[in-house]
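Please look through the sequence and the model below before reading on.

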Amino acid sequence: MRISELIIPKYLPIFNDTRHKHIILTSGRAGTKSSYAAIRTDYQIIADPHGSAVVLRKHHNKLRKTVYKEMLRGINRLQIPKKRFSITKSPMEITYRKHDTTIYFSGSDGIDDTKGIIDEDKPIKLVVIDEATEFFDDGEGEDELANIEATFVRGNSAGFQMLYLYNPPKNPNAPVNVWCKKMEQRPDCIHIHTDYRDVPEEWLGRDLIESAETMKAADEKMYRWTWLGEPVGVDELIYYMFSDRHRAKPSQKRYQLIGIGVDYGQQNATTYQPFGLDIQHRKLEGLTEYYHSGRETGKQKAPSEYAKDFIKMTDILHETYSCSIFYVYIDPSAKGLAEEIKRAAYSRMYQVSIKDADNTVALGIARVQKLLTYDILQVSPTQEKAIEEFGLYEYDKDLIDKGKEVPAKINDHCMDAIRYLCMGLWTKLKYFLPAAEREE
């Protein structure tokens, strides 16, 4: 098996590169940088009897399903029998028996995580930093990467190398993008960017390429970021793709499942945003809206009153759409309201299943954007407050300029509720998307 048959032409010049100490690989989706890193790391412990490797992510809990699995896949692609390796999960290590060289896997949650990996007999020759963005978003960024380098470079007379992988954030001012520009000025660093167009079509499959082209037709800016990996900039308006095409009356007379996103406030607004799941037509269809603001109306409501209002709404939805099960996603901080709704729903002829909402903001926004881009999410004309907020919900401009994407805390009650719902139903909704869009 020739290496040139396993990696794309753009990566061939760096496979045996000894001139550059730092190699930065960025890409859009399907740019094959992870596959390259796996082949290069596996090859390291096979070809060099004196050097081991370490693969790092910021968080331990993401190692096994990502880079560890990718390294095992790389061994298969190299067509080397696995019996030549000692492969363990606890600790996560892959050792080439012939040389006793090892690939170590670790998170970098604390400084002690990496210090214990130093291999005195077989020094670390290659350090792979996977998802480098996480080290800037959740860690100390450039300082942390410099500390990792200092930890592993000891004991190496020559041949030490750092390999960094990430998909560029949208924001050109994001810290990892700024760091990359700085690193490009160093003579010992090379930066290579790829996208799916650099990869032979037979490696990707026609379906993946069609997914990219479908997004290009639907939202070229999203395509340039997602598939080409370009830092296209961040629109202040978060759901800039929302338009009249996303407003429509419910198409079905019956829904087997209705999901309801709930955002609760005592003085701030409380809103219920119900949507019907139309599996046949792959749609999440808005049905109606409940919205009450104590501050705006001058009338505060107790959780028990909000629960009564909720049941009035679900009674109507049950009668109108013959739906017998409602999945309700409520911010975990609203325990009192959740309990009141449970009590109020106890004797109904339908089931109300209360679930804690996943309040992961950035991921939730990305998923709602995806559902809008592919016309899966639609709202009813009666959801007037939601429609209004779709046109007003923005990132904090001052923070965008500093490289951070944080929504401004205004015009967000309906947006939070809809995000909770989309996150909660994601295991079902993702199958409405093209296959390549189903996982982040």
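Does Asn-177 count as buried or exposed? With a relative accessibility of 9%, Asn-177 counts as buried, a class that means under 20% relative accessible area, whereas exposed means over 50% and partly exposed lies in between, with a 1.4 Å probe and protein chains only. The model is a predicted one, in which local features need pLDDT of at least 70 and side-chain atom pairs count only at pLDDT 80 or more, while totals for chains, interfaces and linings use all residues. Residues are numbered from 1 along each chain as its sequence is written, and side-chain values use heavy atoms, with hydrogens and water left out.

Asn-177 belongs to helix H7, which covers residues 175-184; helices (H or I, at least four residues) and strands (E, at least two) are DSSP runs, numbered from the N terminus. A polar atom of the Asn-177 side chain lies 2.8 Å from the backbone oxygen of Asn-171. Apart from its neighbours within four places in sequence, Asn-177 is in contact (heavy atoms within 4.5 Å) with Tyr-166, Pro-168, Pro-169, Asn-171, Pro-172 and Pro-231.

Turning to the whole protein chain, there are 18 helices and 15 strands, and the C-alpha trace spans about 75 × 45 × 45 Å along its principal axes. Of the 440 residues in the protein chain, 52% are buried. Among contacts with a separation of 6 or more, 72% are accounted for by residues 24 or more positions apart.

Two packed helices are described by the angle between their axes and the distance between the axes. Here the axes are lines fitted to C-alpha atoms, for helices over the stretch in contact, and angles run from 0 to 180 degrees between N-to-C directions. Helix H2 (residues 33-47) and helix H3 (residues 64-77) have axes that come within 8 Å and cross at roughly 70 degrees. That makes H2 roughly perpendicular to H3, since angles of 65 to 115 degrees count as roughly perpendicular, those under 35 as roughly parallel, those over 145 as roughly antiparallel and the rest as oblique. H2 contributes Ser-34, Ser-35, Ala-37, Ala-38, Ile-39, Thr-41 and Asp-42 to the contact, and H3 contributes Glu-70, Met-71, Gly-74, Ile-75 and Arg-77.

The axes of helix H12 (residues 303-321) and helix H13 (residues 335-345) also come within 8 Å, crossing at roughly 50 degrees, and H12 and H13 are therefore oblique to each other. On the H12 side, Pro-303, Ser-304, Tyr-306, Ala-307, Phe-310 and Ile-311 meet Gly-336, Leu-337, Glu-340, Ile-341, Ala-344 and Ala-345 of H13. Helix H13 also holds Lys-342, which counts as partly exposed at 42% relative accessibility. Lys-342 and Thr-41 are 301 residues apart in sequence and, C-alpha to C-alpha, 53 Å apart in space.

A further pair is formed by helix H14 (residues 361-373) and helix H17 (residues 413-424), which pack at an angle of about 85 degrees with their axes 9 Å apart. H14 and H17 are therefore roughly perpendicular to each other. In this pair, Val-361, Leu-363, Gly-364, Ile-365, Arg-367, Val-368 and Leu-371 of H14 meet Arg-419, Cys-422 and Met-423 of H17.

Note on methods: Polar contact = N/O pair within 3.5 Å; in protein donor to acceptor, adjacent residues only side chain to side chain.
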